[in-house]
Amino acid sequence: MIFDLLLVAALLWSAVQALTTPDLFRAVVLFIIFGLLMALAWARLDAPDIALAEAAIGAGLTGALLLDAVAHLHKKRREQSP
Amino acid sequence: MRTLLNVTVLFLASAFGLALGWLILDLPVAAVRLPEQVTAQLEMSGVVHPVTAVLLNFRGYDTLLEIAVLLLALLGILALPRHVSDHQHRPSSANPVLQTLTRVLAPLMLLVAGYVLWAGAHRPGGAFQAGAVLAGAGVLLHLAGLLPAWATPGRTLRAGLAVGLLVFIAVAVALMAQGTLLQYPLSWAGALILMIEASLTLSLGLILAGLYLVLTDSGVQK
Amino acid sequence: MSSALVYALTGAALFVLGMAGLILQPHLLRKILAFNIMGSGIFLMLVGVAQRAGTPDPVPQAMVLTGIVVAIAATALALALARQLLDMNGEMRLPEEKTGKDRLDV
Amino acid sequence: MFDPMPWLILSPLIWATLAFVHGPGRGGRLAVACLILQLSLAAILAQQVIAGGVRMYAVGGWGAPLGIDLMADGLSTVMLLLTQTIVLPLAFYARAYFVGHANSLRYFWPLTGYLLAAMNALFLSSDVFNIYVTLELLGLAAVGLVALVGGAGPITAAMRYLLATLLGSSAYLLGVALLYGVYGSVSLVALKPLIAADAPATVSLAAALMLLGLMLKTALFPFHFWLPPAHGGAPAPVSALLSALVIKASFYLILRLWFDLFAPIVSITAAQLLGALGAGAILWGSFLALRQTHLKMLVAYSTVAQVGYLFLLFPLATGMSAEVAESAWQGGVLQVVAHGLAKAAMFAAAGAMITATGRDEISGIAGVATRIPLTLFAFALAGVTIMGLPPSGGFAAKWLLLGAALASEQWWWIVVMVVGGLLSAAYVFKVLRQAFLPVEETASFQLLPRMLEWPILLLALASLVLGLVGIEVLSLLGAA
Amino acid sequence: MNFNETLPLLVLLSSLLPGLIIFALPDERHGLRSLINMVGSTLQLLLIVYMLRGVMHGEEYIYHFTILPGLDLVFKADALAMLFVPLSAALWFLTTLYAIGYLEGSPHRNRFFGFFSLCVTATIGVAMAGNLFTFFVFYELLTLSTYPLVVHRGTEQAMRAGQVYLTYTLGGGALLLVGIVWLYGLAGQVEFTHGGVLAVLWPEYTSQLRVIFFLLIAGLGVKAALVPLHGWLPLAMVAPAPVSALLHAVAVVKAGVFGIVRVVYDVYGVEFSQSLHLLMPLAVMASVTIIWGSLRALFQDDLKRRLAYSTISQVSYIALGVAIFGPMATVGGVVHLVHQGIMKITLFFCAGNYAETLGVHKISEMDGVGRRMPWTTAAFTVGAFGMIGLPPLAGFISKWYLGLGALEAQMPWVIAILLASSLLNAAYFLPVLYRAWFQPRTEAWPEEQIPMQNGRETAWLLLVPPLATAVATMLVGLFASSTLSPLTWAKMIAAREYLYWMP
């Protein structure tokens with residue numbers, strides 16, 4: 001139970017941080033952490049299938065897509081600023 | 001104005017959240033017991049793992065539509081007006097260490113995907129997870145500079161993207177010849193589901209990788 | 001209170017967080033993040049409430065698997081649109097939300 | 001007996017996927033062939049429903065609650081028939097339209113196929129989670145279609161539409177999650193007997209969430225912000241599909257939930273609230289339509305207003321005597337059908353006028369009356385339905401709604417309907433009068449192919465003739 | 001479906017189909033278009049003559065078609081309908097002839113004749129409607145099909161007139177619709193029946209019935225141009241002359257007042273209306289309109305505007321006849337439905353002739369026009385004398401019976417109204433006639449478009465219709481007592497509406 005509560009706290013913290021931190025890159029990294037924590041939560045809920053899928057798709061692939069978008073954003077900003 | 005909106009939304013959202021939390025603490029016992037029915041019918045489904053049984057047999061129709069959703073998302077992205085880059089986009093900083101590592105990892109991931117797919121019949125795993133692993137391999141290959149981004153997929157690739165859905169539909173239609181949509185005969189159920197899952201794994205891997213490989217190359221027509 | 005219910009409550013909180021973020025955050029990338037967090041909240045809620053007695057229920061688990069796939073499909077399409085907007089407008093925001101509050105993240 | 005239900009879903013899925021494999025710009029001919037087939041399937045289903053009442057189909061042979069059931073009753077059959085009837089002429093129209101707009105064709109056909117599969121699946125589904133999947137399929141396909149043209153305007157509209165539709169389906173899904181939590185099932189058939197007037201408050205919350213989400217997708221005032229740019233900016237065949245059918249899909253679902261699943265727990269207060277929002281939509285939408293300077297935006301705002309009429313059904317049918325409720329119910333459904341046909345014709349006609357004149361402002365269509373009279377005639381006929389003048393389908397719907405309002409002595413809805421009707425006449429004639437103005441001979445004008453004009457007229461005529469055969473639609477609707 | 005049932009439909013189709021075919025024709029097929037028009041209108045006249053014979057021999061022509069539960073389209077050729085239908089058909093025939101001549105060489109004639117036929121279809125539909133719903137359907141169709149005719153010229157003035165016209169008529173239509181739906185809710189299908197059908201609802205729903213009556217009359221009064229709902233009519237005269245002729249004589253204005261006749265006689269029942277005290281306000285409204293229209297007419301210099309205000313005044317005679325309780329007044333009102341049509345169309349034809357031939361639009365330009373165009377001016381004179389009410393012309397018959405009715409109903413003030421109105425008629429028509437016949441011409445015509453040819457003052461097609469209607473004006477007066485006259489027909493109608501009265 002204590003583990004569950006800690007996990008829940010970490011989940012909520014990472015979610016809030018991902019939504020409010022001013023740096024986008026940081027936000028995405030936090031979101032990936034959030035996804036991995038979700039995978040843990042699914043494992044705790046006796047849902048190993050979802051845990052696998054969440055880690056691979058929710059955290060992994062979504063994370064990759066978002067990181068790529070942030071990279072694209074930074075590239076654009078560099079192009080714009082000079 | 002903006003602040004007022006912020007405050008209102010935050011207030012309403014928290015009120016809603018509290019109400020929601022309070023209400024779910026006090027729920028009656030559910031009238032319908034689906035887990036028991038799943039267990040009771042599991043041996044009729046052709047697989048041993050209950051989640052796979054629900055996913056591909058009891059509620060296989062959901063999954064059929066869901067594959068369509070995934071394919072549709074890629075289709076929607078491909079349908080956007082984009083410029084087609086002349087040079088095939090590869091990350092320039094292809095690190096030789098990463099490349100070597102990837103050359104080793106990619107076949108390994110292929111193997112893992114096969115195992116996860118096969119395992120799905122009786123323990124956690126299945127087409128989705130296997131497809132995700134395949135897609136991961138694709139993304140990795142791209143990052144290592146070994147796989148170009150997809151500007152416009154050719155017909156073979158499109159066929160590969162669609163094969164999962166098409167096989168699924170074909171099985172559904174074939175089964176209808178002797179009765180009902182997606183009603184597997186008991187003796188064939190396991191084999192048919194494996195066949196569907198195999199083709200789904202291929203398509204899911206391609207689509208999920210495609211989401212990345214198409215997006216990473218996207219730009220607007222100037 | 002079972003641990004499943006704890007997760008269900010967390011799901012409710014995540015849903016609320018995500019919804020507020022989706023409505024209030026002007027940056028599209030953050031809206032997409034918020035949408036995913038909101039989705040995760042719903043999924044936790046679905047499984048958590050269904051398993052409140054402590055026994056696993058494969059039906060909502062299968063539904064969540066479906067939901068995760070749908071979510072990534074939507075996320076990918078949203079990102080594609082957001083990137084197009086960035087290329088055309090130089091910003092990842094909807095025009096009515098160009099408050100320029102935090103220019104940092106374009 | 002041959003069962004058309006699964007085929008209505010499989011057919012568009014198959015042709016959409018094949019069209020995708022075939023490549024960008026391809027698949028039109030296949031689509032038309034399959035659409036003819038689908039229209040016949042829907043007609044067969046209608047006959048079966050009229051003859052034998054509600055039809056069920058257990059996918060996978062399991063049956064609810066373990067499996068997923070398809071269900072065709074009067075309402076869903078009306079919607080299926082309407083959908084295929086509208087899409088077939090629009091397919092012909094689109095083939096002609098994209099000849100002149102080849103650069104925005106791309107994956108139009110597969111996207112339309114999935115859109116259609118989603119709608120057919122939605123109308124036939126009797127499982128709230130399955131409906132969620134169809135809603136997402138529908139939403140993503142619609143967004144993809146809106147984005148086809150490209151450019152800052154349409155892409156922004158598509159993005160806004162996507163966010164709105166995702167928020168809507170999330171709220172819906174949370175409602176589904178709560179329902180499963182309370183009852184352990186997501187099947188409409190299994191849930192219906194379980195929900196009684198003394199259902200736990202969680203069920204009310206679930207109902208509110210699902211209905212709110214669907215209202216957002218239906219673009220009910222004040223959730224209409226996303227609709228005009230999305231419908232007004234898309235290519236004309238897409239606008240027609242979206243305005244005529246896509247918003248009706250979520251409205252159909254609201255009807256299903258309100259009158260079927262949640263009937264024991266809905267309150268008269270909530271019904272009056274929905275009616276008030278509908279009245280707001282009628283007045284505000286018409287007012288804004290009147291102020292538009294661009295043709296397609298005017299038509300799009302007209303959709304916002306017409307959606308309002310649909311929601312007048314709730315205060316007129318909830319908590320009233322059986323007779324009044326039935327009249328309101330019939331009027332509401334007829335309005336769905338009439339508006340679908342008329343709005344498809346109107347958007348298609350607007351697209352044709354813009355193609356012909358090369359200008360998209362209302363002031364640019366002067367001279368249309370002499371150059372493409374057939375299209376203008378179709379626009380005017382569709383306008384007759386939108387204005388609710390006899391003998392159109394829109395009039396029959398309004399007649400029934402007015403009758404219900406008078407019989408239940410809710411005069412305030414009568415005022416709304418009358419004022420709304422006059423406002424709609426004002427914006428329809430704002431276009432028509434412009435078309436009659438003389439134009440300089442030098443103005444360039446593109447001749448239209450015949451296949452672009454006739455489908456429009458067909459749709460407009462259908463909306464008109466509906467007023468004369470309304471009783472047939474009602475007998476299908478009432479089949480039990 | 002037997003022949004008697006299809007006959008009303010055939011009559012409608014005989015003007016609807018030509019209209020639809022004409023829309024599809026290319027604009028330059030003038031000969032074919034005129035042929036189709038004339039074939040349609042001749043066929044319609046023949047069908048109507050056949051039906052008239054049948055109605056006189058007691059045949060019934062009813063067609064039913066259910067479109068919603070409890071909502072039927074009904075076409076019925078009863079005596080009242082068969083008074084209006086022949087009038088519309090005959091005047092359509094003449095107006096089409098006239099319009100072919102009038103619009104020679106102008107653009108968009110397809111559109112014009114197409115909508116013209118639709119407009120006539122709508123009028124016939126209004127006439128043969130067997131219940132309020134059917135009436136409403138064609139009443140609105142009339143609005144829609146006349147709008148393009150009003151704005152036909154596409155000028156700024158025409159567009160404005162069109163907008164005002166729509167605002168008034170659609171608004172009126174909305175009121176009418178609410179009234180009809182309400183009535184259907186109370187009484188079910190309200191089929192037109194001699195003597196009315198609503199008396200059974202007394203006394204429970206008395207106040208509701210009064211409100212409904214108000215709604216219906218307000219809705220119908222817009223087209224009937226009852227003051228203060230008349231604002232659209234003087235503006236709508238920007239339409240081409242044949243349109244004004246038809247609009248004022250049979251189509252729009254008549255549809256409104258015909259609706260009032262139907263509501264009072266065949267829905268409420270004249271006796272029931274009287275017992276609800278509904279007739280008196282209507283009589284007052286009609287009287288005000290009569291005087292107001294005549295007064296305004298006095299001050300118009302534009303000939304068509306003067307005629308327009310005259311229409312406002314004259315049409316209210318019909319409403320007045322309806323509102324005075326008693327068979328004599330009924331005869332006077334109903335017969336004026338026909339008489340006013342014939343006389344007013346004569347006047348508009350003539351006004352069109354002046355404008356088209358000589359470019360004369362204003363009364364101040366009419367000096368000496370009688371010498372240049374004696375036939376036209378003679379026809380105009382007959383029409384004007386008829387309007388004033390000189391015996392033995394048509395207008396006299398109407399006013400005579402209205403006067404008798406007023407005496408019968410002990411409403412002497414109505415006599416005063418009639419006298420005052422006749423004086424005003426004389427005051428605004430006689431100066432026109434004086435100028436035309438007796439003032440010498442001192443300057444050139446404003447715009448002489450059709451020169452004298454072999455002693456013929458203008459084109460044949462422009463000359464024949466007004467002469468025909470002028471002759472008709474004399475004939476219906478002279479032979480008022482013959483068995484085929486409108487008067488006899490009106491007496492028959494009155495006999496059916498007042499159950500105790502024998503003519």
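**Reading the helices and contacts of this model**

From the N terminus on, chain C runs α-α-α. This is a predicted model, in which local features need pLDDT of at least 70 and side-chain atom pairs count only at pLDDT 80 or more, while totals for chains, interfaces and linings use all residues. Residues are numbered from 1 along each chain as its sequence is written, and chains are lettered from A and ligands numbered from 1 in the order in which they are written.

Q: What makes up the secondary structure of chain C?
A: Chain C comes to three helices and zero strands. Helices (H or I, at least four residues) and strands (E, at least two) are DSSP runs, numbered from the N terminus.

Q: What percentage of chain C is buried?
A: Of the 106 residues in chain C, 73% are buried. A residue is buried if 20 or more other C-beta atoms lie within 10 Å of its own, exposed if 12 or fewer, and partly exposed in between, with C-beta atoms placed from the backbone.

Q: Why is helix 4 of chain B called roughly parallel to helix 3 of chain C?
A: Their axes come within 9 Å and cross at roughly 10°. Axes are lines fitted to C-alpha atoms, for helices over the stretch in contact, and angles run from 0 to 180 degrees between N-to-C directions. Angles under 35 degrees count as roughly parallel, over 145 as roughly antiparallel, 65 to 115 as roughly perpendicular and the rest as oblique. So helix 4 of chain B is roughly parallel to helix 3 of chain C.

Q: Which residues of helix 4 of chain B meet helix 3 of chain C?
A: Among them are D62(B), E66(B), L70(B) and A73(B), and the residues they meet in helix 3 of chain C include T66(C), V70(C) and L77(C). Residues are in contact if their C-beta atoms, placed from the backbone, lie within 7 Å.

Q: How many residues of each class does this helix contact have?
A: The contact of helix 4 of chain B with helix 3 of chain C has 11 nonpolar, three polar and two charged residues. Ala, Val, Leu, Ile, Met, Phe, Trp, Tyr, Cys and Pro count as nonpolar, Asp, Glu, Lys and Arg as charged, and the others, Gly among them, as polar.

Q: How many residues does the contact take from chain B and from chain D?
A: Chain B gives 48 residues and chain D gives 48 residues. Helix 4 of chain B gives the most to the side of chain B that touches chain D, with 13 residues.

Q: How many bridges join strand 1 of chain E to strand 2 of chain E?
A: Six bridges join these antiparallel strands, and strands pair if DSSP finds at least two bridges between them.

Key: Contact = placed C-beta atoms within 7 Å.
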